[in-house]
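Me: I'm new to this one. Could you take a close look at one part for me, the aromatic rings, and walk me through it?

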Amino acid sequence: MNTNKTLKQLYIEHHGKVSDKWSLYLSSYDRLFSEFRDNNIRLLEIGIQNGGSLEIWAKYFTNASRLVGCDINKKCERLIFDDSRIDLVVGDANLDETEVKILSKTRTYDLIIDDGSHLSSDIIK
């Protein structure tokens, strides 16, 4: 079990899909999310790029019931994950139709990470 490893350790040891976009945030994520680590959480990550972060979240949150990634890039439709807890939604997270798809995966989320467009207007919405 990986519960004794920090998020940075899991990131460094990760082999699989690439996750190269949030290395600067690892210690902050670890500090903010550590209290949820052993819980049966449902996580939504907006902006998954190559999908590697979802694999790392699966190792970090070993008791998570659902890990959903959303990305606007249609290439993400080709991503396949071995972990059945991981699911994808391809679409613009600001659109109502995408929100419906996201909520079809689970009605509520305990943690939402917005690493999407990085535009203030999108983040606020």
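Reply: Let's start with Phe 33, which is buried at a relative accessible area of 9%; buried means under 20% relative accessible area, with a 1.4 Å probe and protein chains only. Keep in mind that this is a predicted model, where local features need pLDDT of at least 70, side-chain atom pairs count only at pLDDT 80 or more, and totals for chains, interfaces and linings use all residues. Residues are numbered from 1 along each chain as its sequence is written, and side-chain values use heavy atoms, leaving out hydrogens and water.

The structure holds seven aromatic pairs. Rings of Phe, Tyr and Trp (its six-membered ring) pair if their centres lie within 6.5 Å; planes under 30 degrees apart count as stacked, over 60 as edge-to-face and the rest as tilted. Phe 33 and Trp 57 make an edge-to-face pair, with 5.6 Å centre to centre and 65 degrees between the planes. This pair links distant parts of the chain, 24 residues apart: Phe 33 is in helix α2 (residues 26–33) and Trp 57 in helix α3 (residues 52–60). Helices here are DSSP runs (H or I, at least four residues), numbered from the N terminus.

Trp 57 is buried too, at a relative accessible area of 0%. Trp 57 also pairs edge-to-face with Tyr 60, at 6.1 Å centre to centre and 75 degrees between the planes. Both of these residues lie in helix α3, three residues apart, or about one turn of the helix, and both are buried.

Now put the pieces together: ring pairs link Tyr 29, Phe 33, Trp 57, Tyr 60 and Phe 61 into a cluster.

Methods:
Helices (H or I, at least four residues) and strands (E, at least two) are DSSP runs, numbered from the N terminus. Buried means under 20% relative accessible area, exposed over 50%, partly exposed in between (1.4 Å probe, protein chains only).
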